[in-house]
Structures are given as structure tokens and as C-alpha cells.
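Welcome to this short tour. Open your viewer, keep the selection panel at hand, and follow the stops below.

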Amino acid sequence: MRYLQGRGVSTGRLCVYQRRRHACIPGFREHPRKADWEDRLQNYRLFIDIHRSAPRYRSDDEDECSLARWATTQRAAHRAGTLSQHRIRRLTQLEIWTWGSADRS
């Protein structure tokens with residue numbers, strides 16, 4: 001459902017009535033992947049603010065491990081050239097962020 005929920009909206013295939021009905025659904029997001037990315041970025045920023053360090057893979061805290069995996073996915077997308085300039089800027093603005101061993105930016 002998460003993948004499909006905004007698909008008709010973003011392709012312009014929904015009428016006004018359908019868009020209004022979707023807006024009434026709690027938690028409905030027109031662009032769920034974009035919103036999820038922004039949520040993860042906010043969680044990463046919050047983690048840094050609290051712990052003053054980047055999340056670690058080998059932590060006992062599953063949330064910390066999950067944030068570390070998300071960061072690795074962003075670095076891999078950057079290396080592959082599939083990360084948008086907007087997202088690159090947002091990540092580079094973080095107080096604690098590197099692109100890897102060579103710290104490519």
C-alpha cells in the first residue's frame with residue numbers, strides 16, 4: 001500500500017473527489033518515499049544532536065543500526081550517481097556527515 005498510495009495522485013490520474021478522499025485518510029502522503037526520506041534525515045539529525053556522533057552498525061539499539069544502514073544507502077547512492085543534488089546538499093549540511101573514506105562531496 002505504501003508504494004501505491006500516492007501513485008495515482010503523482011501521475012495526475014485522480015479526480016478532485018478522489019484527491020479529497022485521500023486527504024481524509026490519516027497518514028496519507030502524496031509522495032510517501034520523499035516524506036520517508038525526510039523523516040529519516042530528521043531522525044539522523046536528531047540522533048547526532050543527542051549523541052554527538054554518527055549512528056553505529058554494531059550498536060545494541062536497533063534504531064541506531066537502522067540509521068547507520070540508511071546512511072550507508074545514501075553514500076552508496078551518491079557513489080552510484082543516483083542521489084539528487086538536493087539530497088546531497090541536505091546531507092552535506094549535517095553537522096556530522098562524511099561521504100566515505102575519501103570524503104567525496
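Here, helices (at least four residues) and strands (at least two) are runs assigned by DSSP, numbered from the N terminus. From the N terminus on, the elements read α-α-α-α-α. Please remember throughout that this is a predicted model.

**Stop 1: the whole chain**

Show everything first. The protein has 105 residues, and 29% of them count as buried. Next, think about contacts between residues with a separation of 6 or more: 46% of these in the protein join residues 24 or more positions apart.

**Stop 2: helix H4**

Now select residues 62-80, which make up helix H4. This helix has 19 residues and reaches 27 Å from its first C-alpha to its last, close to the 27 Å expected at 1.5 Å a residue.

Zoom in on the start of H4 and show Asp-61. A side-chain oxygen of Asp-61 comes to within 3.1 Å of the backbone nitrogen of Asp-63.

Which residues of H4 are buried? Show the side chains and look for Glu-64, Cys-65, Leu-67, Ala-68, Trp-70, Ala-71, Gln-74, Arg-75, Ala-77 and His-78.

**Stop 3: the core**

In soluble globular proteins, nonpolar side chains tend to be buried together. To see how this works out here, look for the largest nonpolar core, which has 15 residues. Select Tyr-44, Leu-91 and Trp-97, the residues with the most contacts inside this core. Helix H3 (32-51), H4 and helix H5 (85-92) each supply at least two of the core's residues. H3 gives the most, with five residues.

Stay with Leu-91 and display its surroundings. Leaving out residues up to four places away in sequence, Leu-91 touches Trp-37, Leu-41, Trp-70, Gln-74, Leu-83, Trp-97 and Trp-99.

**Stop 4: the aromatic rings**

How many aromatic pairs does the structure hold? There are four. Select Trp-37 and Trp-70 to see one of them. Their ring centres are 5.7 Å apart and their planes stand at 55°, so the pair is tilted. Trp-37 lies in helix H3 and Trp-70 in helix H4, so this pair ties together parts that are 33 residues apart in sequence. Is Trp-37 buried or exposed? Trp-37 is buried, with a relative accessible area of 5%, and Trp-70 counts as buried at 9%.

Move on to Trp-97 and Trp-99. The centres of these rings are 5.4 Å apart and the planes are at 80°, so the pair is edge-to-face. Trp-97 counts as buried at 12% relative accessibility, and Trp-99 is buried with a relative accessible area of 2%.

Now show Trp-37, Tyr-44, Trp-70, Trp-97 and Trp-99 at once: these residues form one aromatic cluster.

**Stop 5: the cysteines**

For the last stop, select Cys-15 and Cys-65. Cys-15 counts as partly exposed, at 40% relative accessibility, whereas Cys-65 is buried, with a relative accessible area of 9%. A disulfide is a covalent bond between the sulfur atoms of two cysteines. How many disulfides are counted here? With a cut-off of 2.5 Å between cysteine sulfur atoms, the count comes to zero.

Key: Residues numbered from 1 in each chain as written. Predicted model: local features only at pLDDT ≥ 70, side-chain atom pairs only at ≥ 80, totals over all residues. Heavy atoms only, no water. Buried < 20%, exposed > 50% of the residue type's maximum accessible area, 1.4 Å probe, protein only. Expected span 1.5 Å × (residues − 1). Polar contact = N/O pair within 3.5 Å; in protein donor to acceptor, adjacent residues only side chain to side chain. Core = buried A, V, L, I, M, F, W, Y, C linked by side-chain atoms within 4.5 Å. Contact = heavy atoms within 4.5 Å. Phe/Tyr/Trp six-rings, centres within 6.5 Å; stacked < 30°, edge-to-face > 60°.
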